[in-house]
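Here's my note on the model you asked about. Have it open beside you and click along as you read.

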Amino acid sequence: MKRILSLFALSLLLFQANAGNPGQKISRQEYIDSWKRVAVDNMKKFRIPASIILAQGILESSCGNSELATQANNHFGIKCHDWVGNKYFYDDDAKQECFRKYESAAQSYADHGEFLTKRSRYASLFQLDPKDYKGWAYGLKKAGYATNPAYPELIIKIIEESKLAIYDEGVIIEETPVVKEEPAPAVAAAQPVKRTGKNRKEEVTIYLDHEVLVSDNKIKYIESRAGDTPQKLSKELDMGLWQILKYNDFDKSTKLKPGDVVYLQPKRRKAKLERHTVKSGETLMQISQLYGIKLNRLYKMNDLAENSKIKEGYVLKLR
């Protein structure tokens, strides 16, 4: 442990020396030299390839030059989730998203390993050969670490350009990390079952306290329960708050009622049905959620101004 701490301290001093001049950016090679020993030690402890750790740090922090790295010591773009420490708010996929703020960059490196081993969605990665950086790169994207569809290719490109795989060689894994699982649901369905309702065919699975269903438009969703809020659901489902808000055309003040549809994936540009006749009291937002269509597409398809109100009997185009 003392050896690991001393390496953290050494890397931190090297990093601070390079970052001391605000007008001089850290090069990729300087970044690698500062953190390669820490990456190797984290590979021993967490079974995450050192090449992946370094490549993620390079990509997510722009070699330590990004705003998140310089202002929050956050080198891996890890958002708040269940974080109880200091926070840094930054415009990313959505405005003013919450990111973890660390006392040092070394703390960010330590938390990266803890973060991956505390979430069961990454469990399959730890079954890979720890030298399989390509498998890790694609697995991170599949598990939802990043939203960029080219994330695996970018990580692999960095590893191969900078020959980072050499840091995976000869590393003896000290122990196999135990990936913590989310609590099992109180009631679990033995087999998925199909049911129909609200113009949707639903296949039931279970996620914690909510059933994850699939709409006719092939979008995963849940139905809210009493006391649910977008903030609470984002923590329960291990999703960014921005995802819950963006996927559902919500804002931070949105109030949920029991039975409201909450999508876990982006809504589509069109529905399977051609048209919908508006019923008494229906809003465009309700219809958007009913069919899984982006709200702005409903406005555009029907030549409606934003925040337009619609009357009973109005026929809306859905595709």
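What follows is a set of numbered points, going from the whole chain down to single residues.

1. Ground rules. This is a predicted model, where local features need pLDDT of at least 70, side-chain atom pairs count only at pLDDT 80 or more, and totals for chains, interfaces and linings use all residues. Residues are numbered from 1 along each chain as its sequence is written, and side-chain values use heavy atoms, with hydrogens and water left out.

2. The whole chain. The protein chain has 11 helices and 10 strands (DSSP runs, H or I of at least four residues for helices and E of at least two for strands, numbered from the N terminus). Of its 319 residues, 46% count as buried; buried means under 20% relative accessible area, exposed over 50%, and partly exposed in between, using a 1.4 Å probe and protein chains only. Take the contacts (heavy atoms within 4.5 Å) between residues at least 6 apart in sequence: 56% of them join residues at least 24 apart.

3. The largest core. A nonpolar core is a set of buried Ala, Val, Leu, Ile, Met, Phe, Trp, Tyr and Cys residues joined through side-chain atoms within 4.5 Å. The largest one here has 46 residues, and Ile52, Leu116, Tyr122, Tyr145 and Leu164 touch the most other members. Several helices supply at least two residues each, including H3 (50-61), H5 (105-117) and H6 (133-142). Which helix gives the most to this core? That's H2, with 8 residues. Apart from this core lies another, of 15 residues, with Leu284 and Tyr291 among them. As background, nonpolar side chains tend to be buried together in soluble globular proteins.

4. Leu116 up close. Skip the neighbours within four places in sequence, and Leu116 is in contact with Ile48, Tyr122, Phe126, Trp136, Leu140 and Tyr145.

5. Helix H2. Look for the bend of about 50° at Trp35 (the angle between axes fitted to the seven residues ending there and the seven starting there). Trp35 is one of the buried residues of H2, along with others including Ile32, Val38 and Phe46. Arg47 follows H2 and has a positive phi, near 70°.

6. Aromatic pairs. The whole structure holds 10 aromatic pairs. Rings of Phe, Tyr and Trp (its six-membered ring) pair if their centres lie within 6.5 Å; planes under 30 degrees apart count as stacked, over 60 as edge-to-face, and the rest as tilted. Phe76 sits in the loop between H4 (67-72) and S1 (87-90), while Tyr109 is in H5, 33 residues apart. Both Phe76 and Tyr109 are buried.

7. Phe115 and its cluster. Phe115, Tyr122, Tyr145 and Tyr151 make up one aromatic cluster. Phe115 belongs to H5, and it counts as buried because its relative accessibility is 4%. Leaving out neighbours within four places in sequence, its contacts include Ile78, His81 and Arg100. Ile78 is 37 residues from Phe115 in sequence, yet their C-alpha atoms are 8.4 Å apart.

8. Most residues other than glycine have a negative phi. Asn73, however, has a positive phi near 55°, and its place is in the loop between H4 and S1. Asp249 also has a positive phi, near 55°; that residue lies in the loop between H9 (241-248) and S8 (261-263). Is Asp249 buried, exposed or partly exposed? Asp249 counts as partly exposed because its relative accessible area is 32%.
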